[in-house]
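Here is a friendly tour of one protein model. Have the structure open and follow along.

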Amino acid sequence: MTQNSSLIPYSSFLNRCFQLAKIGAGSVSPNPMVGAVLVSENGKIIGEGWHKKYGEAHAEVNAVKSVKPENQRLIAGSTLYCSLEPCFHFGKTPPCVDLVLEQKIARVVISNTDPNPLTAGKSIQKMRAAGIEVITGILEKEGQDLNRPFFKWITEKKPYVILKWAQTRDNFIGKTGEKIGISEKNTLRLVHRWRSESDAIFVGTGTIFNDNPRLDNRLFFGKNPLRIGLDVRGKMDFHHALLDDKKETWILGKPKIGDWKNTKFLPTVHGKQLIPKLLQELFLAKKQILLVEGGANIHHQFLEKNEWDEIRILQNDSDLLAGVAASKLPENAVLVEKFQLGNDTIYMYQNSAPIFKIQ
């Protein structure tokens, strides 16, 4: 590396890595979102990549592949910026750390060490042993915020839980026995985007019978997540959308006779063991992000156990005057974002309790 290149601000290239990584949202779980940028000795970006889909090439591989033929001679001696430590182990793809060595990259700048025990600093050690300069901990918090679900998945062996509800200005989410639309259409598109970025959606019995939800992302694009409905007493019938057998679905409750291809009935339990059992089943099924859409009773159970990581509230400026009250915001909820969509205000909260330890 030249002296001038050492003055290149690491943060700007890592921020670009974060931007690239986010393109993979909804497609890479249970892997982390990762972005990578290759910078030549004269400070020019010669390659960019991100992890596009679970089971396919990682960000570092895609960054190297993106380098144009006339710039390939610049890879040796370049600096690789990564939002997360390159992987060390063979999985669905070969270890990215070996690619770094093969390409004779001179320096690697990393935001976060990979918490996965199969890597967990091993790639950093291997690169340093090979004479590569490795710089870690740059924009560390930003990198962790990018991959909060992955860090929890690895460190706690639980899915990342997002509670979402729509409410009126006077804090009602609807009326018992009635289907009431609260959010505007653009807000609904945002919700469907959130669905596409999740691995599973869960609703309780009341929501099933009041709203008969389809739990798909028809207003956006990308994958449809696993649909989960609670029906302990087996009262759902075949007019309910969750029993259309068109998409991957879990029904927590009594099985129904039928030739089911995409629907699985899971025996469940009432009370305190419902949520721990569900989270365990989701972890075993490699479902990293759970979006809990309601209703109030289900939200209350997650809040009571402090089994939540984010709360997303869609508040319309209308009043309902009476109905089903929205859940109370817990004391450990920290507002991290607020924005307007038409007549809806979106509030984004995070649980103040850390879900991982800074390495």
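## Charges over rings

Lys 52 sits over the face of Trp 50, at 5.0 Å from the ring centre. Likewise, Arg 312 lies over the face of Trp 194, at 4.7 Å from the ring centre. A charge counts as over a ring if NZ of Lys or CZ of Arg is within 6 Å of the ring centre and within 35 degrees of the ring normal.

## How to read the model

This is a predicted model, in which local features need pLDDT of at least 70 and side-chain atom pairs count only at pLDDT 80 or more, while totals for chains, interfaces and linings use all residues. Residues are numbered from 1 along each chain as its sequence is written, and side-chain values use heavy atoms, leaving out hydrogens and water.

The protein chain has a mean pLDDT (the predictor's confidence in each residue, from 0 to 100) of 91, with 96% of its residues at 70 or more. Over residues 1-7 the pLDDT is below 50. Where pLDDT is low, the predicted coordinates should not be read in detail.

## Aromatic pairs

Rings of Phe, Tyr and Trp (its six-membered ring) pair if their centres lie within 6.5 Å; planes under 30 degrees apart are stacked, over 60 edge-to-face and the rest tilted. The count comes to nine aromatic pairs. The rings of Phe 150 and Phe 151 are edge-to-face because their planes stand at 85°, with centres 6.2 Å apart. Phe 150 is buried (under 20% relative accessible area, with exposed over 50% and partly exposed in between, using a 1.4 Å probe and protein chains only), at 4%.

Terms used
Contact means heavy atoms within 4.5 Å.
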